[in-house]
Amino acid sequence: MGGSSPRDSADQEVATGDGGAGGYDGPQVDLAFWNGFTGGDGPTMKALVDTFNSEHANIAVTMTTMQWADYYSRLPSAVTSGNGPDIGIMHVDSVATNAARNVIQPLDDVAAALELAESDFAAVPWQAGIYDGQRFAIPLDVHPLGFYYNKDVMEQAGLDPEAPPTDRDSYMAALEDLKAAGIEGHWASPFPFTGGLTLQALIYQFGGSLFNEDGTQVTWGEAPAVEALTWWVDLAKNGHSPANVDQDSDYVALKNGTTAFNWNGIWQINDLKQTDISWGVAPLPDIGGSGGVWAGSHQFVLPRQRNADADKAQASRVFVSWISEQSQAWAEAGQVPARNSARETPEFEALTEQATLAEQLDDLRFIPTVPGISDCMAEFDRALNEAVLSGAEPEAILADTASRAQAILDENASRYSG
């Protein structure tokens, strides 16, 4: 799928020539860096920015943090008015949309100048930064789901806390043992976080997908998704989960010892380290037999600038390059570095939990890089919610929402290609 060429924008970016590889020796510049790191990862990024500033006397980066929803809402209008930041962060499912809307500029010069190649990065996030034949984002990390387990609760049911289940048979056997001990072992959330992320992983594991490869067809109405959602709904039907799970209460239940298992993001590692419970984390059990793990990725972008400034353009690229090379430090915030070299260091291997979840890299799945594709996901979330809370039949509700999502996808294809 195409979209209007980013080169058609009236805004004028400056081709720096070396993409930041030569450093910056110009006059003092002040750079604005926007992101949504409002959680535990925020202080880590702020510390990296402070270190960068201390090492670059002629570049001063100011970091502004806001909720992600506010960030994505504010950025396009700020860019249009000429008040956008010099540097930003985007999730992979927002890159194509913002590239098509001329909010961000191509970064092929950065990748070429720094001699970055797919072989330097995990393949999935590297490919996700490409739209319409151009690179618009430099990957910083991947943040996959992981399988968290409360060891004390497992022991209450006679389970080995050092041998968490790895596949459907062992998982269901563990849930039955927990049920026999009066424990609802895995709470099935009806909300996008983390029920929706879990359902996506299950669909991949059952051999399905949310969209076809080029993002032109919605495929979550097909048989693998029906199997996945049925398995999820049956957790409550079979006594392994409460019938109504409030937002985030599945994770709270893991921490307070009410449940044993929780599929949640890598970002929970540092939170769990602050607790007194005995816990572990492992790669997701393969329930469907085909492998598959939901993951997101933070990627660096450079918003378009109304007024060309060669010094700021160069300095911004120097900053992106420098932070990218510090991704080992970023891993300590609860992330898996996108750079292969950072994951291969003894320092990263010493981050036992992050390194464990990095073992899933070959099974990570992202939705296709298509403008507006995330607009479809409200329908997916509705299918999950109605199946879990209202008793809607998985096959019917998935087919209905997939049909609605297809209409959205088709409309966006016309919108972004014209």
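**Pockets and cavities**

Guide: The largest pocket has 43 lining residues, with H91, F193, L197, W267 and W294 nearest its centre. This is a predicted model, where local features need pLDDT of at least 70, side-chain atom pairs count only at pLDDT 80 or more, and totals for chains, interfaces and linings use all residues. Residues are numbered from 1 along each chain as its sequence is written, and side-chain values use heavy atoms, leaving out hydrogens and water.

Visitor: What counts as a pocket, or a cavity?
Guide: On a 1 Å grid over the protein atoms alone, a pocket is an open set of points with protein on both sides within 12 Å along at least five of seven lines. A cavity is a set where a 1.4 Å probe fits but cannot get out, and lining residues have an atom within 4 Å of a point.

Visitor: Which helix gives the largest share of the largest pocket's lining?
Guide: Helix 8, with 7 residues. Helices here are DSSP runs (H or I, at least four residues), numbered from the N terminus.

Visitor: And the second largest pocket, which residues lie nearest its centre?
Guide: E213, F366, I367, P368 and T369, out of 21 lining residues. Helix 5 gives the most to that lining, with 3 residues.

Visitor: Switching topic, how many cavities are there of 30 Å³ or more?
Guide: There are 2. The second largest cavity is lined by V92, D93, A128, F366, I367, P368 and T369.

Conventions: Grid points are joined across faces, edges and corners, and a volume is the space filled by probe spheres set on the points. Helices (H or I, at least four residues) and strands (E, at least two) are DSSP runs, numbered from the N terminus.
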